[in-house]
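Student: I have a structure open and want to go through it with you. Can we start with the charged pairs?
Tutor: Fine, go ahead.

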Amino acid sequence: MWLLANNKLMTKDNLIKRNIFKPVQCQFCDEHESIPQLFFECIVAKNIWDYVENFSNIKVQSFQDMACKWPCRGNFDTFNCISARVCWGIWLTRNDMIFHGQIWRSIKIVLRRI
């Protein structure tokens, strides 16, 4: 799903370790980007998860909230599908901003991808 190298998500901090220089700030909120920050702590991610919760009653605040449901197929198929789509939408939007110069306009960009 995500670009992986040695089982690490290719966030900007991991890219720098591989001599690929991109800004280390989150493209959405300007905080230092990390996996938890990008997908759960960033203001954009929090707003997306709030939107998902209001729309589907699925509440996710951390990677652990998502991961604990993965082995529970059947009962959590919808949860797993939606949470994966949210992360994928955030990831694709972030990559477009870093690698293709897309300019951040609104949360609707991410929501369309989801």
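Student: Arginine 94 and glutamate 33: buried or exposed?
Tutor: Arginine 94 is buried, and glutamate 33 is buried as well. Keep in mind that this is a predicted model.

Student: What do their side chains do?
Tutor: The side chains of arginine 94 and glutamate 33 form a salt bridge, at 2.9 Å from N to O. Arginine 94 sits in helix H5 and glutamate 33 in the loop between helix H1 (12-17) and H2, so the pair ties together parts that are 61 residues apart in sequence.

Student: How many salt bridges does the structure hold?
Tutor: Two. Besides the pair of arginine 94 and glutamate 33, there is one between arginine 113 and aspartate 96, with the closest N and O atoms 2.3 Å apart.

Student: Where are arginine 113 and aspartate 96 in the chain?
Tutor: Arginine 113 is in helix H6 (residues 108-113) and aspartate 96 in helix H5, 17 residues apart.

Student: Why does aspartate 96 count as buried?
Tutor: Because its relative accessibility is 19%, and the cut-off for buried is under 20%. Arginine 113 counts as partly exposed because its value is 26%.

Student: What else is aspartate 96 in contact with?
Tutor: Leaving aside neighbours within four places in sequence, aspartate 96 is in contact with Gly101 and Gln102 as well as Arg113.

Student: Switching topic. How many helices and strands are there?
Tutor: Six helices and two strands. Along the sequence the pattern reads β-β-α-α-α-α-α-α.

Student: And what share of the residues is buried?
Tutor: 33% of the 114 residues count as buried. The protein exposes about 7,000 Å², with carbon and sulfur atoms supplying 53% of that area.

Student: What about contacts between residues 24 or more positions apart?
Tutor: They account for 42% of the contacts with a separation of 6 or more.

Student: On to the largest nonpolar core. Which members touch the most others?
Tutor: The core has 21 residues, and the ones that touch the most other members are Phe28, Phe39, Phe40, Ile48, Trp49, Val60 and Ile90. Helix H2 (35-41), helix H3 (43-56) and helix H5 (77-99) each supply at least two residues of this core. The largest share, six residues, comes from H5.

Student: Take isoleucine 48. What is it in contact with?
Tutor: With neighbours within four places left out, isoleucine 48 is in contact with Val86, Ile90, Ile107, Val110, Leu111 and Ile114.

Student: And valine 60, where is it found?
Tutor: Valine 60 is in the loop between H3 and H4. Valine 60 counts as buried because its relative accessibility is 5%. Not counting residues up to four places away, valine 60 touches Phe40, Trp49, Asp65, Met66 and Phe79. The C-alpha atoms of valine 60 and serine 83 are separated by 7.8 Å, and these residues are 23 apart along the chain.

Student: How many aromatic pairs does the count come to?
Tutor: Seven. One of them joins phenylalanine 28 and tryptophan 104: their ring centres are 4.9 Å apart and their planes are at 75°, so the pair is edge-to-face. Phenylalanine 28 is in the loop between H1 and H2 and tryptophan 104 in the loop between H5 and H6, 76 residues apart.

Student: Are those two buried or exposed?
Tutor: Phenylalanine 28 counts as buried at 11% relative accessibility, whereas tryptophan 104 is partly exposed at 26%.

Student: And how are the rings of phenylalanine 40 and tryptophan 49 arranged?
Tutor: Their centres are 5.9 Å apart and their planes are at 15°, so this pair is stacked. Phenylalanine 40 is buried at 7%, and tryptophan 49 is buried at 3%. Ring pairs also link Phe39, Phe40, Trp49 and Trp91 into a cluster.

Student: Last topic, backbone angles. What is the phi of aspartate 30?
Tutor: It is positive, about 75°, although aspartate 30 is not a glycine. Most residues other than glycine have a negative phi. Aspartate 30 is in the loop between H1 and H2, and counts as exposed at 59% relative accessibility.

Student: And asparagine 57? What is its phi?
Tutor: Asparagine 57 has a positive phi of about 65°. It lies in the loop between H3 and helix H4 (63-67), and at 70% relative accessibility it counts as exposed.

How values were computed: Residues are numbered from 1 along each chain as its sequence is written. This is a predicted model: local features need pLDDT of at least 70, side-chain atom pairs count only at pLDDT 80 or more; totals for chains, interfaces and linings use all residues. Side-chain values use heavy atoms; hydrogens and water are left out. A nonpolar core is a set of buried Ala, Val, Leu, Ile, Met, Phe, Trp, Tyr and Cys residues joined through side-chain atoms within 4.5 Å. Buried means under 20% relative accessible area, exposed over 50%, partly exposed in between (1.4 Å probe, protein chains only). Helices (H or I, at least four residues) and strands (E, at least two) are DSSP runs, numbered from the N terminus. Contact means heavy atoms within 4.5 Å. A salt bridge is a side-chain nitrogen of Lys or Arg within 4 Å of a carboxyl oxygen of Asp or Glu. Accessible areas come from the Shrake-Rupley method with a 1.4 Å probe; for residues, only the protein chains shown count as cover. Rings of Phe, Tyr and Trp (its six-membered ring) pair if their centres lie within 6.5 Å; planes under 30 degrees apart count as stacked, over 60 as edge-to-face and the rest as tilted.
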